[in-house]
Amino acid sequence: MAGYVRQLSFFITSRVIPLLKIANEMSIKRKIIFFIPSKVQILDLTGPVQVFYEANSYGADYDLQFVSIDKNLVSAGGLPFGQISHYAEAALNPGDFIFVPGAEMDYLRSALFKRQKEFFKWLRSMTEQGVSVCSVCTGAFILAEAGLLDNIRCTTHWKRLEELRKSYPTVLAEPNILYTHADYIYTSAGITSGIDLSLAIIEEHYGPLFTHKVARELLVYHRRGQNHSQQSIYLDYRNHLHLGVHQVQDWLIENLHKKITIEELAEIVNMSTRNLTRAFKNATGITINDYMKRLRLEKADTLSNNPEYGAEYIAAQVGYMNARQLRRIKKNEL
């Protein structure tokens, strides 16, 4: 009897309660307010907008609105906007969200930006009322200027991280992560990571399977978690001009599920195994085997964000015999 009670308790806490929570979340209508700064980086804005728009097409209930300080807005790339409501006109409730995309750094360094005291005060008051504020890329500078990132773990684009730290010494800016969440504050590294953050928020509200449908609609087949590195194995070792090594790297990325030998790779690029091995190390700084291992672990980590993929399937997709072998290799890398 005691064993049955334990099993029932586990089932309720692990399955029933999460489902009830998701059902409750799905009944709530939320506003997603997009604040558009002067000289906005357009992809920082449109990426999250499209995520929530597509979520609505699958049955979510997000009310998307756009606000700004200025009436006549132009993006960093020169795209003009129509009439935008003033931020003070937005009526938000606890549980709503404000997204703050990045802007051109010249604007964020300007005296004009620093003088927007009333806006920064309003932004602070929103978090005090239970509204979440989310930055994309250099939108973190706007949150920092408002005092929302003081002693808060956060991030921004790797290119601007040191400037954020120097400009706002009390900010706990962390490198090499895609997005962060602390209480009512979310930050993301920029552009595509704003999409990752938006999908993570939808998952909080509607669960992983619903979010997976939205991600597939957006052709985001490989979702990344918040601690996923801003660096990428797909780019980090491509800073060279060796055509043969580039061809090998392209082939490996597309064929990780196959058994691969150095001899086969050498044949693909018409090189001897000795020449290929030496050329690859000289061009990338690592061996072919190390590169393959890093590719496999990277892809396995990415695939693990998909709730439909089991451990054995993931292992097979990256060329390992089984999940046990994959776990062992991951453990050895820690």
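**View 1. Helices α14 and α16 pack against each other at about 110 degrees.** In this predicted model, α14 covers residues 288–303 and α16 covers residues 323–333, and their axes lie 11 Å apart. The axes are lines fitted to C-alpha atoms, for helices over the stretch in contact, and the angle is taken between N-to-C directions on a scale from 0 to 180 degrees. The pair is therefore roughly perpendicular, the label for angles of 65 to 115 degrees (under 35 is roughly parallel, over 145 roughly antiparallel, the rest oblique). On the α14 side, the contact is made by Lys293, Leu297 and Ala300, and α16 brings Leu326, Ile329, Lys330 and Glu333. Contact here means heavy atoms within 4.5 Å. Sorted by class, that makes four nonpolar, no polar and three charged residues. For the classes, Ala, Val, Leu, Ile, Met, Phe, Trp, Tyr, Cys and Pro are nonpolar, Asp, Glu, Lys and Arg are charged, and the others, Gly among them, are polar.

**View 2. Gly319 sits in the loop between α15 (311–317) and α16.** With a relative accessible area of 28%, Gly319 is partly exposed; the cut-offs are under 20% for buried and over 50% for exposed, with partly exposed in between (1.4 Å probe, protein chains only). Leaving aside residues up to four places away in sequence, Gly319 touches Leu256, His257 and Arg296. Arg296 is 23 residues away along the chain, and its C-alpha atom is 7.5 Å from that of Gly319.

**View 3. Ile28 is in the loop joining α1 (2–26) to β1 (30–35).** Ile28 has 32% relative accessibility and so counts as partly exposed. What does Ile28 touch, once residues up to four places away in sequence are set aside? The answer is Asp61 and Tyr206. Also worth a look is Tyr62, 34 residues from Ile28 along the chain, with 8.9 Å between the two C-alpha atoms.

**View 4. Ile191 and Asn270 each have a positive phi without being a glycine.** Most residues other than glycine have a negative phi. Ile191, with a phi of about 50 degrees, is in the loop between β9 (185–188) and α8 (192–206). Its relative accessibility of 39% makes Ile191 partly exposed. Asn270 comes in at about 55 degrees and lies in the loop between α12 (262–268) and α13 (273–284). Asn270 is exposed, with a relative accessible area of 72%.

View 5. Of its 334 residues, 46% count as buried. Among contacts between residues at least 6 apart in sequence, 66% join residues at least 24 apart. The protein exposes about 17600 Å², with carbon and sulfur atoms supplying 53% of that; areas come from the Shrake-Rupley method with a 1.4 Å probe.

**View 6. Over residues 14–25 the pLDDT is below 50.** The mean pLDDT of the protein is 87, and 87% of its residues reach 70 or more; pLDDT is the predictor's confidence in each residue, from 0 to 100. Where pLDDT is low, the predicted coordinates should not be read in detail.

**Notes.** Residues are numbered from 1 along each chain as its sequence is written, and side-chain values use heavy atoms, with hydrogens and water left out. Local features need pLDDT of at least 70 and side-chain atom pairs count only at pLDDT 80 or more, while totals for chains, interfaces and linings use all residues.

Methods. Helices (H or I, at least four residues) and strands (E, at least two) are DSSP runs, numbered from the N terminus.
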